[in-house]
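I opened a notebook for this structure and wrote down each thing as I looked it up. The entries follow in the order I made them.

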Amino acid sequence: MGVLVKPIRPHFPHMAEHDEIRTFTIPETGIERLDVWLTEQCPDFSRARVQGLLRTGRVTVNGTVTPRATARTKPGDVVSLAIPPPVPAVPQPEAIPFTVLFEDDDLIALDKPAGLVVHPAPGHLTGTLVNALLHHCPALSGIGGVARPGIVHRLDQDTSGVMVVAKSQRAMDALTRAFASHANIRKTYLALVHGIPSPPAGRIENLIGRCPFDRKKMAVVERNGKRAVTAYRRIEARRDSPLSLVECEIETGRTHQIRVHMASTLGCPIAGDAVYGRPGWDRKLTPVPARQLLHAWRLALMHPLTHRPLVFEAPLPADFRPFL
């Protein structure tokens with residue numbers, strides 16, 4: 001059980017700067033299951049926590065990542081864990097700039113820049129939209145919960161565009177119901193995709209669920225998925241551009257829905273999409289996109305308290321312009 005003085009140097013592909021490293025050796029008596037044994041060595045962790053570290057590439061045996069709880073080991077093997085720091089229970093205000101599109105006593109509409117994570121999570125404990133919102137609106141703290149105050153919907157880190165945030169509990173409750181049911185909510189995105197969609201306009205409806213071969217990705221599936229509907233139409237782009245500008249209106253809000261539908265159903269992946277895209281195609285572009293070129297352009301909804309119709313638009317960001 002003893003900690004080695006000079007352990008084998010582990011390689012953690014997902015290690016962050018402030019991760020804690022714990023290193024152990026397999027005893028001479030051997031072990032039956034790696035997850036059970038590590039839980040015994042780390043009494044402050046549950047077995048589920050240890051299994052989560054295994055799944056996310058934060059456990060190595062002799063310096064090599066192993067994701068399996070039943071990984072084969074032998075006496076004397078070196079086992080290391082990279083443990084991310086805990087997420088603070090209460091996010092702290094931070095002076096991070098963002099563009100306000102509309103604000104009253106009950107909600108705020110904003111233009112989220114690409115690269116900004118919406119709320120704190122392991123790997124992104126600070127520097128998020130929630131931290132920025134708490135600085136902009138201190139009264140937001142605690143609305144809908146302390147970890148994600150005011151958040152009623154999200155955008156991927158590298159997706160830019162319109163978001164709305166609740167500023168009162170009544171607005172939080174009403175907006176949460178509206179986004180869950182999609183009642184009186186219209187979300188329109190603009191995407192730059194490789195190739196020319198065929199047909200140039202249409203409606204995609206299928207099931208989206210976890211990819212059976214890569215649990216970190218979503219995919220179009222035959223079963224065990226959720227209904228996903230995207231209406232799209234191609235907007236004329238520059239004649240000499242290999243990309244098409246596509247407008248997408250989503251009737252459902254599945255994880256990575258537009259990215260999956262463009263890549264898997266239409267065969268036109270979004271430029272710069274590192275997960276569902278074509279890196280080789282992206283490298284031929286000038287400039288090479290630094291992120292997926294997906295933008296939440298317009299959001300229409302009813303005000304949660306006055307029931308007045310509202311429409312918010314976020315202008316196209318600068319990284320779209322070279323291709324238009």
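**Entry 1: aspartate 77.** The model is a predicted one. I began with aspartate 77, which I found in the loop between S3 and S4. Is aspartate 77 buried or exposed? I noted a relative accessible area of 5%, so aspartate 77 is buried. Its side chain makes a polar contact of 3.0 Å with the side chain of asparagine 62. I then listed what aspartate 77 touches, leaving aside neighbours within four places in sequence: Phe24, Thr25, Ile26, Val61 and Asn62.

**Entry 2: the sheet with S1 to S4.** I looked up the sheet next. Four strands make an open sheet, ordered S1-S4-S2-S3, with antiparallel pairing. Which strands stand at the edges? They are S1 and strand S3 (64-65); each has a single partner strand, so one side of each has no neighbour in the sheet. I counted six bridges in the antiparallel pairing of S1 with strand S4 (residues 78-83). In that pairing, isoleucine 21 faces alanine 82 of S4. Helix H2 (residues 47-55) packs on this sheet, where it touches strand S2 (59-61) and S4. The direction of H2 makes about 95° with that of S4.

**Entry 3: aromatic pairs.** I searched the whole structure for aromatic pairs and got two. For phenylalanine 24 and tryptophan 37 I noted ring centres 6.2 Å apart and planes at 85°; an angle over 60 degrees counts as edge-to-face, so this pair is edge-to-face. Phenylalanine 24 belongs to strand S1 (residues 20-25) and tryptophan 37 to helix H1 (residues 34-41), so the pair ties together parts 13 residues apart in sequence. Both phenylalanine 24 and tryptophan 37 are buried.

Phenylalanine 102 is in strand S5 (residues 99-103) and phenylalanine 312 in strand S14 (residues 309-313), so here the parts tied together are 210 residues apart in sequence. I also noted that phenylalanine 312 is buried, at a relative accessible area of 5%.

**Entry 4: charges over rings.** I recorded arginine 22 over the face of phenylalanine 45, at 4.9 Å from the ring centre. I also recorded arginine 278, whose charged end sits over the ring of tryptophan 281, 4.5 Å from the centre.

**Entry 5: serine 241.** Between strand S11 (226-235) and strand S12 (243-250) is a loop that holds serine 241. Its relative accessibility is 11%, and serine 241 counts as buried. The side chain of serine 241 reaches the backbone nitrogen of leucine 243 at 3.1 Å.

**Entry 6: helix H5.** I listed the buried residues of helix H5 (residues 257-265): Gln257, Ile258, Arg259, Val260, His261 and Met262. What do they pack against? I wrote down strand S8 (186-194), strand S9 (201-210), strand S10 (218-221), S11, S12 and strand S13 (294-302). Glycine 267 follows H5 and has a positive phi, near 70°.

**Entry 7: backbone checks.** I looked up cis peptide bonds. One joins serine 198 and proline 199, with omega about 0°; proline 199 lies in the loop between S8 and S9. Another joins threonine 286 and proline 287, also with omega about 0°; proline 287 is in the loop between helix H6 (279-282) and S13.

I then looked for positive phi outside glycine. Asparagine 184 has phi near 60°. Asparagine 184 is in the loop between helix H4 (169-181) and S8, and at 58% relative accessibility it counts as exposed. Histidine 307 has a positive phi of about 65°. Histidine 307 lies in the loop between S13 and S14 and is exposed, with a relative accessible area of 53%.

Terms used: Residues numbered from 1 in each chain as written. Predicted model: local features only at pLDDT ≥ 70, side-chain atom pairs only at ≥ 80, totals over all residues. Heavy atoms only, no water. Phe/Tyr/Trp six-rings, centres within 6.5 Å; stacked < 30°, edge-to-face > 60°. Helix = DSSP H or I, 4+ residues; strand = E, 2+ residues; numbered from the N terminus. Buried < 20%, exposed > 50% of the residue type's maximum accessible area, 1.4 Å probe, protein only. Lys NZ or Arg CZ within 6 Å of the ring centre and 35° of its normal. Pairing = 2+ DSSP bridges. Contact = heavy atoms within 4.5 Å. Axes fitted to C-alpha atoms, helices over the stretch in contact; angles between N-to-C directions. Polar contact = N/O pair within 3.5 Å; in protein donor to acceptor, adjacent residues only side chain to side chain.
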